[in-house]
Amino acid sequence: MRRVIWVIFVILTVLLFSKACLNADIPDLQKPVLRPKFETKDADYPIQKNVTINGVDYLESQLPTGKFGGTFVTSTIGEGPKTFNPFNSKDNISSTMSEIMYDGLVTTNPVTGEVIPKLAKSFTVNGCEYIIKLRKGVKWSDGKPVTADDVVFTWQNIIFDGFGNTSTRDSVVIDGKLPAVEKIDDYTIKFITPKPFAPFLRMLSSPIAPKHIFEPAVKRGKEYFDSFLSTTAKPEDFVTSGAFRLKEYVPAQRAVFERNPNYYVINKDGQKLPYLDKIVYLIVGDINNQVLKFEGGELDEISLQGANVARFKEMEKHSNFTVFNIGPDTGTMYIALNMNNRRDDKGNFYVNPVKQKWFQDKNFRQAIDYAIDRKNMVFNIANGLAEPLFTPETLNSVFLNKDLKPYEKDINKSKELLIKSGFSWDKAGHLIDKFGNHVEFDLYTNAGNTEREAIGVMVKQDLEDLGMKVNFKPVEFNSLVNKLMSTFDWDMVIMGFTGSPLEPNGGKNVWLSDGTLHIFNQRLEKDLNSPRYPFEKRLDYLYTQGALAVKFEDRKKYYDEYQALVYDEKPLIYIYSPIRTGALRNKFKNIYPTSLGGITHNIEEIYIEDN
Amino acid sequence: MQILLYILKRIVQTIPLLIIVSLISFFIIRLSPVDPLAELRLNPSVSKETLQKESERLGLDKPIIIQYGKWAKAFLKGDLGVTSNGEQVSSKLKERIPNTLLLTAVVIFLSWSVGIPLGILSAVYWKSPFDRALTILTSIGMAVPSFFFAVLLLIFAVKTGWFPIGGLTGSNYLEMSFGQKVLDIAHHLVLPVTVLFTLSLAGLQRQMRGNLLDVLDSDYVKFARAKGLSEFKVIFKHAFRNAVNPLITLLGFEFAGLLSGAALTEYVFQYPGLGRLILEAVLKSDINLVMASLMMGAVMLIVGNLIADILLIITDPRIRGGQA
């Protein structure tokens with residue numbers, strides 16, 4: 001008897017405990033909010049101006065003068081940088097860190113997206129000719145002057161000769177030829193491209209290397225160069241031109257950068273920037289730890305995702321930070337249909353011929369497009385922190401075709417389109433094509449990506465409204481890539497790309513019919529000469545011409561038409577672009593977040609105000 | 001002499017074992033569908049030539065058996081190869097080993113110097129309130145999963161601000177004096193050490209208590225007591241020496257765990273140790289790094305067992321007799 005009482009007692013205690021936990025959790029639950037519209041100071045950021053003092057060409061900050069000193073602590077997720085050599089970096093973290101240290105000739109206006117001078121004092125473009133004037137009196141961090149020799153060396157001996165990561169080189173090859181670079185005098189350089197090639201100007205933002213440091217490494221060959229200035233290099237070995245330079249790197253913990261006392265940006269009082277003494281990048285393994293570190297006060301800045309945004313917005317009222325919304329991201333989420341119509345080595349079709357008829361039918365693709373409820377996905381999956389997307393260029397792109405209007409889900413229009421192509425419904429409401437086949441196909445995405453999995457579930461439901469049977473199969477990322485890139489045994493897939501808001505030509509691997517990421521109709525090496533769909537031919541033409549035209553207005557025409565074509569043909573059905581949000585401590589001043597630049601794009605002008 | 005011969009025999013025995021371990025691990029990693037280049041393949045700005053170059057550099061274009069042969073040949077020469085980022089595996093490991101050793105050594109030292117006396121005490125005061133209280137505490141310690149405990153402590157650190165949230169050194173470590181550096185590291189170590197210490201203390205204390213209780217019940221202890229020896233002498237001279245054998249075996253395992261035992265805790269606390277490095281390497285199928293760490297783990301386990309066996313021979317005359 002006593003035992004029974006004990007058992008009841010224990011069960012009751014446990015129940016009471018669980019009840020307590022439940023209660024405590026409820027106030028934390030919040031409904032997803034519609035994209036919080038909080039103001040950004042996008043337009044009023046004043047661009048730095050050229051000034052010449054005592055023969056030295058400085059850039060003058062137009063922002064209020066601040067106080068010197070202090071540290072800015074931010075973080076990166078993952079393993080940390082793999083190299084500090086700007087020419088070897090293949091991942092975002094390595095590039096970010098090397099870009100702090102090495103400036104390029106030009107940079108991007110964080111408000112308008114135009115190309116503006118950086119290490120160059122000015123530039124002129126005349127067809128294929130680019131004349132760059134360098135700033136006089138700018139010094140490397142070891143005191144040696146930055147001259148035309150450094151620029152020519154960087155472009156000729158490092159980039160064009162194929163040292164390190166060759167992606168810059170690959171993207172400036174025009175008809176198999178490289179541009180030429182020559183020194184005119186100590187402070188003037190001329191680039192000549194084989195043909196007019198608009199994206200080249202923006203490529204000039206590649207970092208410039210100090211010749212006297214990099215030349216010995218280049219002479220020792222490519223293999224040595226791959227390990228040159230890697231993460232094991234001593235901080236003293238870095239001779240840099242950027243606002244900050246490496247001070248300390250502790251693997252898996254942090255990278256610390258200190259101010260470059262020779263930097264060429266000054267404030268209105270003529271003092272050399274940057275204001276901050278140090279930037280610390282903490283290397284954290286995952287998002288949860290990053291959020292904890294921010295809440296614990298160890299971080300000054302964090303970028304926020306999903307449910308955290310609403311929580312931080314709530315905390316903002318009684319905390320010392322501000323949540324910034326910097327508008328749509330360059331990321332895109334899309335559905336692709338496999339339009340492959342070729343056979344494998346054994347003579348079998350990659351895609352079942354029955355399904356091919358559907359996927360290659362424009363009406364079928366448009367019907368799917370109209371059946372998808374993008375708004376619903378934005379609300380329920382992205383917590384309202386995304387913007388429905390209908391074009392391949394993202395919403396912050398300077399090339400966005402604004403005539404292509406968004407539309408709502410319209411199931412009747414979908415049905416009309418399907419009927420036009422001879423589809424019908426059986427008694428049970430299943431969709432059948434004109435040959436009597438039930439419409440049933442597989443939908444893939446990479447397992448583990450909860451966002452894409454959630455989209456998959458909703459796409460499946462939306463398409464079931466049309467009577468299609470969709471088998472949703474999240475698979476492991478690597479096997480998915482294998483399906484997409486070599487075996488082609490997929491029907492429909494949900495994937496994402498990151499684009500550039502400034503340069504559509506970066507998407508050529510996706511849109512050119514022989515591109516390496518021509519995902520909806522990927523061609524293997526042996527199939528490169530296979531027939532193209534008419535719209536693929538048009539895309540090839542538009543993309544090639546868009547890169548050759550030089551004036552922005554001319555280029556815009558080509559890229560407008562390409563977007564209109566994709567909007568109409570729907571080889572990729574775009575769903576939404578996430579909105580970027582981040583939090584930053586209030587003690588930092590001179591903060592001018594822009595959609596293109598992010599929150600801390602003007603890092604050298606940011607200072608800390610004491611309380 | 002006998003012992004030397006025995007050690008030699010054991011070392012020879014490990015060679016086929018290591019070959020089998022390496023074969024199995026290599027093939028399992030390579031046959032898993034993880035493609036180290038998948039990320040690059042889906043990046044629009046990466047060209048075909050770059051992909052081709054990468055796959056040649058990593059040797060992915062050759063059959064698995066040749067890849068293994070190449071790896072084994074280099075391994076025998078003492079060359080652990082390069083990681084998928086092109087860094088030397090050996091220097092990568094060297095960066096992390098001291099950090100992990102620091103953590104695990106502190107934990108092992110603490111848990112043994114606290115766990116053994118506590119085990120003895122609770123065996124001596126068997127069924128006393130002290131023993132019962134300890135039993136409850138250690139049961140909790142054994143039942144709580146380490147990662148969960150670690151997360152709880154992290155939240156504790158966030159809410160109170162008393163402890164740093166993960167990591168090993170503060171961001172201004174470089175400018176500290178020596179004394180401050182030591183304090184800084186100690187401050188960072190408190191939480192991870194607490195997690196691992198609680199876990200291993202519980203197991204060790206239970207083990208010691210159980211062993212000693214078994215021995216205390218035996219005839220020779222009763223005889224020693226009957227002889228009129230002091231209780232202290234009975235326990236330390238007669239009972240303890242006999243109860244300690246299983247713990248020596250345990251010590252061998254602890255040795256193996258020196259480098260790999262703290263992976264989960266390291267990950268939660270973002271501790272810059274081997275565990276985090278290897279976990280990240282496995283996720284990307286960075287074969288040279290994973291293989292190096294697996295082989296290191298295997299060698300450590302074998303060496304740990306060998307040390308335990310030798311210690312047993314030294315402490316226990318019965319085993320020494322059996323060996324001859």
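These exercises work through the helices, domains and chain contact of a predicted model.

Residues are numbered from 1 along each chain as its sequence is written, and chains are lettered from A and ligands numbered from 1 in the order in which they are written.

**Exercise 1.** State the confidence of chain B and of the complex.

*Solution.* Chain B averages a pLDDT of 84. At least 70 is scored by 94% of its residues. For the complex, the predictor gives an ipTM of 0.80 and a pTM of 0.81.

**Exercise 2.** Check the span of helix α14 of chain B, then find what covers its buried residues.

*Solution.* Helices are DSSP runs (H or I, at least four residues), numbered from the N terminus. The expected span is 1.5 Å times one less than the number of residues. Helix α14(B), residues 287–315, has 29 residues, so it should span 42 Å. Its end C-alpha atoms are 42 Å apart, which agrees.

Next, burial. A residue is buried if 20 or more other C-beta atoms, placed from the backbone, lie within 10 Å of its own. Buried residues of α14(B) include I287(B), L294(B) and A308(B). Their cover includes α1 (2–31), α5 (89–124) and α13 (274–284) of chain B.

**Exercise 3.** Locate the kink in α5(B).

*Solution.* Start with length: α5(B) has 36 residues and reaches 50 Å from first C-alpha to last, close to the 52 Å expected. The bend at a residue is the angle between axes fitted to the seven residues ending there and the seven starting there. A kink of about 30° lies at R96(B), shortly before the proline P98(B).

**Exercise 4.** Describe the contact between chains A and B.

*Solution.* Residues are in contact if their C-beta atoms, placed from the backbone, lie within 7 Å. Chain B gives 34 residues and chain A gives 41. Elements of chain B that give two or more residues are α2 (38–41), α3 (48–57), α5, α7 (146–160) and α13. The chain B side divides into 14 nonpolar (Ala, Val, Leu, Ile, Met, Phe, Trp, Tyr, Cys, Pro), twelve polar (the others, Gly among them) and eight charged (Asp, Glu, Lys, Arg) residues.

**Exercise 5.** Describe how the two domains of chain B meet.

*Solution.* The domain assignment (bounds from an automatic or database source) gives domain 1 (16–76) and domain 2 (89–323). Their C-alpha centres lie 36 Å apart. Domain 1 gives eleven residues to the contact and domain 2 gives nine. On the domain 1 side, α1(B) has the largest share, seven residues.

Definitions and conventions. This is a predicted model: local features need pLDDT of at least 70, side-chain atom pairs count only at pLDDT 80 or more; totals for chains, interfaces and linings use all residues. A residue is buried if 20 or more other C-beta atoms lie within 10 Å of its own, exposed if 12 or fewer, and partly exposed in between; C-beta atoms are placed from the backbone. pLDDT is the predictor's confidence in each residue, from 0 to 100.
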